[in-house]
Amino acid sequence: MPNAAFVYDDALSQHVLRSDHPMRPVRLRLAYELLSAYGAFDGETSRLINPRSATEEELEWVHTPQYIAAVRALSSGLATERPERFGFAAMGDNPVYPGMYDAATLSSGATLVAAELVAAGRVDVAFSISGGLHHAAPTHASGFCIFNDPAIAIKYFLERGMRVAYVDVDAHHGDGVQDVFYGDDRALTISIHESGSYLFPGTGFVSESGTGEGAGYSVNIPLYPYTEDEPYLWAFREVVPPLIRAFAPDVLVTQLGIDSYHSDPITHLQLTSRGYVDIIREFAALGLPWLALGGGGYDIGAVARCWTLAYGVMLGTEWPDRIPEAVAGQYLSPNLRDTVALEVPDNVRQEVRRYVEDGVSELRREVLSRHGLG
């Protein structure tokens with residue numbers, strides 16, 4: 001069985017961005033409590049690991065010193081700079097809140113702890129659920145993200161001479177990570193997401209494929225709204241496993257956002273827990289050292305259930321479908337897995353299929369052919 005680590009402490013889940021903000025860190029605690037109720041941390045092959053805060057030097061692998069200093073100052077209420085200059089706004093996606101510097105550095109440090117475990121070969125897979133904050137830019141916050149922990153972790157691996165394949169399954173395009181490595185052929189970045197024609201951040205089209213030495217190493221699979229499990233998995237399997245095998249990385253980094261879930265309140269994809277688990281199984285089947293990160297997800301019960309299922313795959317374990325009595329009262333259904341049948345009109349399903357087939361065909365011509373996969 002695989003050796004796995006889960007990086008978590010309640011300190012990661014206690015901050016509040018704003019009372020009405022869709023990003024609710026309490027979802028991290030729900031996932032941890034559900035896994036604990038299943039006994040996920042009781043066996044010898046699963047380690048529960050405490051996080052640490054990222055250092056300023058580690059943040060500077062991706063972010064500018066001026067931006068880091070601004071986040072610290074805004075967090076303490078001492079800033080003289082306008083928050084808007086750094087992507088913050090009281091009623092926007094990125095509000096300033098007390099303690100945000102500490103919360104953001106702890107989340108980034110949790111991901112680095114997981115990366116260190118994987119790089120050292122101490123575990124086969126490490127899951128940092130507070131990570132996956134893929135929109136943050138070197139100079140500003142974006143899309144609920146202050147520091148870009150996936151990019152920081154990738155920099156960590158690259159500095160150790162490791163080639164990295166990064167795959168992002170969040171409903172939103174992983175624009176921040178793509179931008180950092182857009183000219184670097186040592187990092188293959190793949191994002192499968194709701195098309196930027198319909199969803200923030202408005203990017204992630206097939207034509208965004210890298211520049212210079214990185215040409216062909218940024219890969220995007222945009223999807224039509226209301227894409228369900230079957231077309232999603234078809235596109236994923238057509239592109240992701242063969243491309244990763246052709247690239248032959250030393251380590252796999254995945255952003256496992258579950259805002260692609262059918263009941264997510266701010267996106268339009270239609271994945272079920274069944275489809276999501278199949279994605280995780282595809283990653284496990286690659287047999288690579290694996291750093292797994294959290295990400296988006298705004299139906300917090302669905303987040304806890306799906307990340308619990310994901311960690312089960314990482315452990316090679318099938319959890320019983322009945323949610324343990326100790327935590328069952330926090331969920332609308334007594335079942336860990338979906339039982340709902342989705343209702344998507346036939347004409348929408350046809351449009352979904354046309355969109356995904358056209359996108360994959362364009363990818364084969366314009367990007368996959370560079371890797372001998374056209």
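Which residues of strand β3 (residues 125-128) point one way, which the other way, and are they buried or exposed? Val125 and Phe127 point one way, Ala126 and Ser128 point the other way, and all are buried (under 20% relative accessible area, with exposed being over 50% and partly exposed in between, for a 1.4 Å probe and protein chains only). The model is predicted, so local features need pLDDT of at least 70 and side-chain atom pairs count only at pLDDT 80 or more, while totals for chains, interfaces and linings use all residues. Residues are numbered from 1 along each chain as its sequence is written, and side-chain values use heavy atoms, with hydrogens and water left out.

Strand β3 belongs to an open sheet of eight strands with parallel pairing, in the order β2-β1-β3-β8-β7-β4-β5-β6. Because β2 (46-49) and β6 (218-223) stand at the edges with a single partner strand each, one side of each is left without a neighbour in the sheet. From one strand to the next, the twist averages 15°. Strands (E, at least two residues) and helices (H or I, at least four) are DSSP runs numbered from the N terminus, and two strands pair if DSSP finds at least two bridges between them.

On one side, β3 pairs with β1 (residues 4-7) over four bridges, and alanine 4 stands opposite valine 125. Four bridges also join β3 to β8 (residues 290-293), where tryptophan 290 stands opposite valine 125.

Further along, five bridges join β4 (residues 164-168) to β7 (residues 251-255). Helix α7 (residues 229-247) packs on the sheet, touching β4, β5 (187-194), β6 and β7 (contact means heavy atoms within 4.5 Å). The direction of α7 makes about 175° with that of β5; axes are lines fitted to C-alpha atoms, for helices over the stretch in contact, and angles run from 0 to 180 degrees between N-to-C directions.
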